[in-house]
Amino acid sequence: MSSENILIQAGLADKPRKSRWPARLDLLQGGTGLFLALFMWLHMFFVASILLGKDVFWSIAMFFEGYFIFGGKSYPWLVPCVVGFVALMLVAHALLAVRKFPINYRQWRTIRAHTSQMQHGDSTLWVWQVYTGFLMFFFASAHLYQMFFWPQDINPYLSADRFWSHGLWPFYLTLLLAVELHAGIGLYRLAVKWGWPNASRQTLLKVKWTLTGFFLVLGLVTLAAYMKIGYEHRAHVGERYTPDWAVEKKEGVHRGGEQ
Ligand code: HEM
C-alpha cells in the first residue's frame with residue numbers, strides 16, 4: 001500500500017502538517033524506560049549483596065554515602081541525589097506512558113478483542129505492562145519517598161527490620177513482581193520496536209523470560225534473606241549494624257556533621 005493510501009485510511013490525509021512530537025515523546029518514553037530498567041538491574045545486584053553477608057551490603061551502602069572516599073566519614077545526603085534523579089526519570093516516564101493508557105470503554109473493548117479473541121500475545125504483554133505500570137505509580141513512589149528522606153536507614157539491620165518488624169514484606173513482594181514484569185516486557189517491546197538485537201520475536205521472548213526469571217528468583221531469594229535477618233533481629237528493632245572492623249578502626253562510624 002502506498003504511503004498516501006495509508007494516510008487516507010488513517011484519516012490523516014487532510015492534516016495540514018504532520019507533527020514530529022509524537023515520535024519525539026515516544027523516543028523519550030523509550031529512553032527513560034531503558035534507563036530505569038538498566039538501573040533496576042544494577043539496583044537488584046546492590047540489594048542482593050545482602051546474600052553475600054551483612055558486611056558486603058553495609059560496605060556498598062556506605063560507599064554510596066562516600067564513606068570510603070572521605071576517609072571514614074559518611075554523608076547520607078549523597079544518596080538522595082541519586083534517588084532524586086531516579087525519581088525524575090520515573091515521573092517523566094510515567095507522564096509519557098500515561099498518554100498510552102486506554103481511557104474509555106471503546107479503547108478497552110478494542111484491546112480486549114486483541115487479547116481474548118485474537119489471542120495476540122504481544123497485546124497481552126502490553127496489557128500487563130499497563131497494570132504493573134499503574135501499580136508502580138503508588139508502590140515505587142512510596143519506596144523512593146522512604147529512600148529520599150531516610151537514606152541513613154539503608155543498613156543491613158534497619159532494611160531487614162522494614163521487611164519483618166515493620167511488616168513491609170508484602171509491599172516489597174508486590175513491587176518486585178510489578179517491576180520485574182514491567183521492565184522485562186518494556187525491554188522486549190523496545191527490542192521489537194528498534195530491531196536491536198536483530199533476532200526473531202521467539203528468540204527475544206525467550207531471552208526476555210530468562211532474564212525476568214533470573215531477576216525474579218534473585219529478588220525472591222533476597223526478600224527471604226531480609227525477612228530472615230529481620231526475624232532474627234526482631235528484639236532489637238531500630239538498632240543499626242556496623243561491622244566489627246569498622247567499629248575497631250574508627251571507634252564507630254562518624255556520620256558527616258556528627259561527632
Ligand atoms: C524505580 C525505582 C525503584 C524500584 C522500582 C525499586 C524496587 C525495589 C524492590 C522491588 C525492592 C525489594 C527487593 C527484593 O525484595 O528482593 C527494593 C529494595 C530496596 N531498594 Fe529499591 N527500587 C527503586 C529505587 C531505589 C533507589 C533509588 C534506592 C536507593 C538509592 C533504592 C534502595 C533500595 C534498598 C536499600 C532496598 C532494600 C530494602 C530497604 O532498605 O528498604 N531503591 N527496591
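Here are some questions and answers about the predicted model above.

Reader: Before we start, how are residues numbered, and what pLDDT do local features need?
Author: Happy to set that out: numbering starts from 1 along each chain as its sequence is written. The model is predicted, so totals for chains, interfaces and linings use all residues, side-chain atom pairs count only at pLDDT 80 or more, and local features need pLDDT of at least 70.

Reader: How many helices and strands does the protein have, and in what order do the elements run?
Author: Helices (H or I, at least four residues) and strands (E, at least two) are DSSP runs, numbered from the N terminus. The protein has ten helices and two strands. From the N terminus the order is α-α-α-β-α-α-α-α-α-α-α-β.

Reader: What box do the C-alpha atoms fill, and what share of the residues count as buried?
Author: Taken along the principal axes, the box is roughly 75 × 35 × 35 Å. A residue is buried if 20 or more other C-beta atoms lie within 10 Å of its own, exposed if 12 or fewer, and partly exposed in between, with C-beta atoms placed from the backbone. Of the 259 residues, the buried share is 20%.

Reader: Which element gives the most residues to the shell around the ligand?
Author: The ligand is surrounded by 22 residues, and the closest are Ser159, Leu176, Gly219, Thr222 and Leu223. Two or more residues each come from helix 2 (21-48), helix 4 (78-98), helix 6 (121-149), helix 7 (156-163), helix 8 (169-194) and helix 9 (201-232). The most, five residues, come from helix 4.

Reader: How do the residues of that shell divide into nonpolar, polar and charged?
Author: Here Ala, Val, Leu, Ile, Met, Phe, Trp, Tyr, Cys and Pro count as nonpolar, Asp, Glu, Lys and Arg as charged, and the others, Gly among them, as polar. The shell divides into 16 nonpolar, five polar and one charged.

Reader: Which residues have the most contacts inside the largest nonpolar core?
Author: A nonpolar core is a set of buried Ala, Val, Leu, Ile, Met, Phe, Trp, Tyr and Cys residues joined through C-beta atoms within 7 Å. The largest has 18 residues, and those with the most contacts inside it are Ile50, Ala61, Ala160 and Tyr226. At least two residues of this core come from each of helix 2, helix 3 (54-64), helix 7 and helix 9.

Reader: What does Ile50 touch?
Author: Two residues are in contact if their C-beta atoms, placed from the backbone, lie within 7 Å. Leaving out residues up to four places away in sequence, Ile50 touches Phe57, Pro156, Thr222, Ala225 and Tyr226.

Reader: Which helices do the buried residues of helix 8 pack against?
Author: Helix 8 has 26 residues and reaches 37 Å from its first C-alpha to its last, close to the expected 38 Å; that expected span is 1.5 Å times one less than its number of residues. Its buried residues include Leu175, Ala178, His182 and Tyr188. They pack against helix 2, helix 6 and helix 9.

Reader: Is Gln119 buried or exposed?
Author: Gln119 sits in the loop between helix 5 (105-117) and helix 6. Its phi is near 50 degrees, a positive value in a residue other than glycine. Because Gln119 has 9 other C-beta atoms within 10 Å, it counts as exposed.

Reader: Why does Val56 count as partly exposed, and how far is its C-alpha from that of Pro243?
Author: Val56 lies in helix 3. Val56 counts as partly exposed because it has 15 C-beta neighbours inside 10 Å. Val56 and Pro243 are 187 residues apart along the chain, and their C-alpha atoms are separated by 9.5 Å.

Reader: Which residues does Gln29 touch?
Author: Gln29 is in helix 2. Gln29 is buried because 20 other C-beta atoms lie within 10 Å. Not counting residues up to four places away in sequence, Gln29 touches His93, Leu96 and Ala97.

Terms used: Near = placed C-beta within 6 Å.
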